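Subject: Structure for your files

Hello,

Here is the structure I said I would pass on. My notes follow below it.

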Amino acid sequence: MLPVLLISVRSTAIGIDTPISSNQDTTAFVSPFQEDNERCFKCHGQSIYEYTNENLGRQVKALMFSERIIERKNFYGSNHKSFSCTDCHSEEYTSFPHSGQLRMEQQYNCIDCHGGDEKFAKFNFEAIEADYQASVHFKLEEGGFTCWKCHNPHEYKISARNSNNLKETILFDNNICLNCHANFSHFQLLTNRDEINILAKHDWLPNQSSHFKSVRCIECHAEVNNNVLISHLINPKEKAVRKCNECHSQNSLLMSSLYKFESKEQRKDGFFNGIIMNESYVIGANRNEYLNVFSLIIFGLVILIICGHLFFRLRKKQNK
Amino acid sequence: MYLYPVWVRLWHLLNAVLIVILIITGISMQYTGKAESAMLVGFARAVKWHNIAAILLIFNYVFFVVGNFMTGNGKYYRIGKRNFFSDLLKQMKYYSWGMFKGEKHPFPVSLENKFNPLQRISYVLAMYVALPLVIISGLGLLFPETVINRFFGVSGLIITDILHITMGFCLSVFLLVHIYTCTLGRKPFSLFRGIITGYHESDEE
């Protein structure tokens, strides 16, 4: 229970409202637990660690298992940067060698710390949890699926809400999905299914690379939920959006997903769904109402002139 | 009078079919809604047919330009500086009231002058300005990775698309006027028959 309390108290120091950008200097942050954390990073901060083997009476160099490496830079740039390692992990980890029993340590889920906390009310973690429980991912929980499979607690940072660069957010968010769906060794940890070839599966999508760079996987694969910024209800593949006009239309789906946050500050220069045009251009969704009206007027005038001309021609013919 | 050689007629026929497909599918893409509309082609089908027709149009356009270069047909598209505006005005006056008063055509069709000044300028604008622009911008939209990301702070794709739809619109208006003016021959279907058979029926009774 102690780690939970500590997290709750420190949530004010996380700095969740600070916009992140690619060139943000994460090293500027100095953790109050830097010294304590360094005891862990000394071994877990890189691929090689060194320890004294008292039985052999000498220093031993060993390779750190890749899944147990946590980059200092990534951790101190993450949303959990102000934590001490032992806020979430057992105090017993401070002794080395670690007890084998510690591997059985129970992990917290997001809702364990963030649920019911007023400071996090705007994120609506309860709705996120409900979304997750209705998603296909929840069915894999028995097999070991947890929040951490997508949101690495050591490196995760809020992206959609704070980033100034939407392309970065798209890349960051899509990499979360690809970490399992395009990495078969990770995929195998959770399912016995055959390897998925993401590119082949999306063969039907015109301008595939443009779509991959301009929208997130969840735009098509998650159910839109107006109560949360990012829907966590991942649908079965049969329910994925396949109709182009879900996005390529005036009532574009993208406005309630990818551009949901930005749409509050929608540009008003005559374009429908103008906010999309800050980053991209979506045929069918971006139309200019002035151009629409102007073209209709021109077209109407041409029809009128033709009808007038035709009228005089017919009158001349009658008078012959 | 044999005015339209086989290659011109074939090019024109294919061009006409492709332009109609491109306009219908283009409007369908631009004005697509979430619900299917009987007036519009579904987005996915519209994209597919727009792309196919566009690629064929490019080849057909190259055929037209090369054909004009290789044969004497190109001379009909040359605009001389001499009397250009006065001739244009003369033709416009004829269409506006001269023809209703029974005046004779100021520029009767001949082997030397296939097009009247108004046709000449509108065909040059359509074939050598609007069509190249619509092709270039269309290729940009077909291969969006080739488009400049930002141009004076505005997305290159937006500029490309607006250029494409504006030129597409101009060509749609041209098509409408072109079809109508083609009813101004000796009889309403004379000129249509001409572009099919190759023989122009003279206005003279």
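This is a predicted model: local features need pLDDT of at least 70, side-chain atom pairs count only at pLDDT 80 or more; totals for chains, interfaces and linings use all residues.

One of the facing pairs is A:Thr52 with A:Gln59 of β2(A). The two strands make a hairpin with 4 residues between them, and A:Gly57 in that turn has a positive phi of about 70°.

Helix α6 (residues 125-134) of chain A has buried residues: A:Phe125, A:Ile128, A:Asp131 and A:Tyr132. These sit on the same side of α6(A), because they cover an arc of only 115° around the axis. The general rule is that an α-helix has 3.6 residues a turn, so residues three or four places apart point the same way. The cover over the buried residues of α6(A) includes α5 (110-114) of chain A.

Some backbone details in the loops:

- The peptide bond from A:Phe96 to A:Pro97 is cis, with omega near -5°. A:Pro97 belongs to the loop between α4 (85-88) and α5 of chain A.
- A:Asn124, in the loop between α5 and α6 of chain A, is not a glycine but has a positive phi, near 50°. It counts as partly exposed because it has 16 C-beta neighbours inside 10 Å.
- A:Asn207 is also not a glycine and has a positive phi of about 45°. Its loop runs between α9 (198-201) and α10 (208-214) of chain A. With 15 C-beta neighbours inside 10 Å, A:Asn207 counts as partly exposed.

Regards

Technical notes:
Residues are numbered from 1 along each chain as its sequence is written. Chains are lettered from A and ligands numbered from 1 in the order in which they are written. Two strands pair if DSSP finds at least two bridges between them. A residue is buried if 20 or more other C-beta atoms lie within 10 Å of its own, exposed if 12 or fewer, and partly exposed in between; C-beta atoms are placed from the backbone. The arc is that of the directions from the helix axis to the C-beta atoms. Two residues are in contact if their C-beta atoms, placed from the backbone, lie within 7 Å.
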